[in-house]
Amino acid sequence: MAPRGKATSTREARNPLGAKSSSRGGIQKRRGPTRVDTDGDLDMDGPSKRPNRGSTAEAAGGRSRPSGRGPPPSRGAAKVAQIVMKQLGNGSSDLASRVSRSTRGRGGYTEGLTWLRVRGLKQSKAASNSDGGLSDLLSFMERKASSLQSGRKRQVTIRKSHKAGEYVFVGANKEDAEELVKLNTFTFAGIQLEVVESDADFEPPNKATESPETAELRAKLQAILSQRYNGESKLLKLDALAADAELVTLGMFETRERALKTFKGLMAICDGLFKTLQEKKDAIESISLANNSIDNVIQVESVATTFPQLKNLDMSGNLISNMEGLQRWKGKFKELDAIYMTGNPIEGTDPNYQATFLEWFPKLRSINGIELRTEQQIAEQEAARLPKPIPQSGPDFRDVNGIGEQFLLEFFTAYDTNREALSSRLYDASSQFSLAVDAQSVRDPNGPPPLPWGAYIKSSRNLLKINTHHARSQRLFKGAKAINDLWKELPMTKHPNMKDELSKYIMDCHPLPGLADPTGQSQFGVDGLILAVHGEFEEYDQKSGTTGKRSFSRTFVLAPGLSGTAQIRVVSDMLSLRTYSALPNVFVAPSPAPADTANQHQAMIAELSKQTGMVPQYSEMCLSQVEWDFARALVIFNEKKSQLPPEAFVSAP
Amino acid sequence: MTLPDADTEVRASSEGAYYQAINSRAKLDTFYINSSNRYSIPADISINGSVVPTPAEYSKLLETQGENVLYEIESLDAHIINPSFQYGAPENVYESEKNEKSGRKMSIVVTTMGKVRFGKGRDAPQKMFNETFVLVPNWDAMARNPARGLKRWLIMSQNFRAL
């Protein structure tokens, strides 16, 4: 059976560098007081420290069934990990010690239970029962053990049980376990049971336990893998696997199915070596899959999933004949830098595969050793794919008779200094005000710490948060008096002076038709203005004594004032508040976008042609030779003028 | 004097639909008065300080931003600015009084604030935005048997700013 990676686990003893354990490499029978935690990791702390570890949450949980927790990477591969790590340079490198450390720690055993290992269920007739015969076996053991006792009979109980591969592990208290172990060699459902005390008082890992045969095979594959790894070049050579004498001897490539399984197994072992993606990336940069008769990458798909950060891949000498055979790698290998495809039939049948590769693998630079694009080109292509915000322009201020401007210049000063006068002058009985808080806004990480929302939140009318009719209408303030009553409660503010610090504001203003005419004279309503202002203010909350900056947006709908009062009145005033974050300065001309380079080049070509009389093609050649340095282009032109052919010029110079 | 609060709920849902349309790059025409013959003027669309002549042009502008640009609103508020909007109304509005009572003839100013996310993933750059809409009745939807899928309100004025 091919190793199935994560599904199986060798609980082989490993020897982290420098650990004093006597277990050295290879497969090892469970014996002695060595303990293994829930993941099947050896506990190098030894049994003496056990009581401390019993208190960990995991241990206290004492699972009796395989849990839903994802299986950890196969630790059986640890030996190869050691070899790989050693080959990576100095065996005691950080990486190596990290890997070895990572397999330690995390205790996990069920307190007070003694574990027995029972073999035979799988071979028994009961194995064909619905649950694999487990419940039959357990009740058989409890019954037999109970009846075996001499003298006062006591009910023997199995507290926990756990099927793992060939074995069933049963946990019972010490007294009961002593009775249960006597069932060794008893016959159950036609087979002689083997009941032995499990090598320690640990709860076996919640994974299938390998048969000795599997473990041995795994060890052999690991050995082969480590031979095929070159630490210096960070290359894993998985080429011509079917010709590997050892693999052939093992029968790993006897049939196609077997070969595919073997390959998956190899990948799983590789995967198990590394705790993090970074470790994997650091250890293996290149893989060769050359000369493996692969006609569809499905057969080796696991390379892509196991090594998503691979840099170099050699696929040469395989049997890929069309894009279909490569389809499964689309969107994989995001870091791939070079790929070799020589000797595949696709080279003759569909040479366009190269273009497709450049699309699929965003970082791919070269194919078959030929550089197709530079790193800079890749970076440019990536930048071009990044989303670009809609450019900003200065204020879109379509004012009417300067009304909007006048309003803004007055408004914020008045709001800061005399809200009552402001409300009575520009607001009337039908004016509306509300504020809305966005407490999740983006803020500048270098900005000041955000201010609390306490002073605003109880009157915030963010309709995404305030859902009841009652609360919504309560938080809509209608009429100058109601508005002023609220304003009195809100923190004091100081807005920047708009004239002096214009760039702290963004304001747009447009005419707006169809406003209600309170006089009823105009059936179709009156024309007004709508203003949107964005900015910041300093705040002083007189109640909490906090000060600081806040960002705001404020929308005003202005209508002509009614006779006798101010020139305008505020129909609607909506204040949106967010944590302070400086505005973009829309008053400076935007810097020329990179796309403008092309335009600049065109302009230079035209200018050079104009000054020299050259046709545009020659101007362009000349400019590109001097990296678009116009002055140098002129110098070169003057130097080479006499050597230029007549067709270089629009007309005779 | 008090109109039903239905307005705010209508707004909330229509704004949600609008940003959904933006995010999915759906056609935006049906959200604007440009889609109705009753309105002789086009919607006034101002995006980051530039006037955009048509909803289709705005769609184009949105597309130039590239893939995976996501608008997400975090705050929303609305005021009724004219309970009985007349602009572009037909001479005989269908069930005029009933519609006025139920608030279907009003015009509304809506402000939203939220984030634009440029690109996928948690590290993608984000910017705040604030946007103001003036919504007016879609007279075409106020008929005995209005065509299906017509919006009840249409955008007459829009002002977007990335902040």
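Because the model is predicted, local features need pLDDT of at least 70 and side-chain atom pairs count only at pLDDT 80 or more, whereas totals for chains, interfaces and linings use all residues. Residues are numbered from 1 along each chain as its sequence is written, while chains are lettered from A and ligands numbered from 1 in the order in which they are written.

A residue is buried if 20 or more other C-beta atoms lie within 10 Å of its own, exposed if 12 or fewer, and partly exposed in between, with C-beta atoms placed from the backbone. S24(A) is joined to S18(A) by eight bridges, and these two strands run parallel, with Ala436(A) standing opposite Ser576(A) of S24(A). S24(A) also pairs with S23(A), in the antiparallel sense and over 11 bridges, and there Arg554(A) stands opposite Leu575(A). Two strands are taken to pair if DSSP finds at least two bridges between them.

Chain B has three helices and six strands, which follow the pattern α-β-β-α-β-α-β-β-β along the sequence. Buried residues make up 44% of its 163 residues, and among contacts in chain B between residues at least 6 apart in sequence, 67% join residues at least 24 apart. Strand S4 (residues 107-118) of chain B has 10 of its 12 residues buried, so it is largely enclosed by the rest of the structure. With strand S3 (residues 69-82) of chain B, S4(B) pairs in the antiparallel sense over 12 bridges, and in this pairing Val109(B) of S4(B) is the bridge partner of His79(B). S4(B) pairs with strand S5 (residues 126-137) of chain B, again in the antiparallel sense, over 10 bridges, with Arg117(B) opposite Gln126(B) of S5(B).

Elsewhere in chain A, an open sheet of seven strands has the order S11-S12-S13-S14-S15-S16-S17, with mixed pairing. Its edge strands, each of which pairs on one side only, are S11 (229-230) and S17 (370-371) of chain A. Two bridges join S11(A) to strand S12 (residues 235-237) of chain A in an antiparallel arrangement, and Asn230(A) stands opposite Leu235(A) of S12(A).

The axes of helix H16 (residues 419-426) and helix H19 (residues 480-489) of chain A come within 9 Å and cross at roughly 160°, which makes H16(A) roughly antiparallel to H19(A). Axes are lines fitted to C-alpha atoms, for helices over the stretch in contact, and angles run from 0 to 180 degrees between N-to-C directions; angles under 35 degrees count as roughly parallel, over 145 as roughly antiparallel, 65 to 115 as roughly perpendicular and the rest as oblique. The contact is made by Arg419(A), Glu420(A), Ser423(A) and Ser424(A) of H16(A) together with Ala480(A), Ile483(A), Asn484(A) and Trp487(A) of H19(A), and by class it has three nonpolar, three polar and two charged residues. Helix H21 (residues 616-625) and helix H22 (residues 630-640) of chain A pack at an angle of about 115°, with their axes 9 Å apart. Their contact, which includes Cys622(A) and Leu623(A) of H21(A) and Ile636(A) and Phe637(A) of H22(A), has five nonpolar, one polar and no charged residues.

Terms used
Helix = DSSP H or I, 4+ residues; strand = E, 2+ residues; numbered from the N terminus. Contact = placed C-beta atoms within 7 Å. Nonpolar A, V, L, I, M, F, W, Y, C, P; charged D, E, K, R; others polar.
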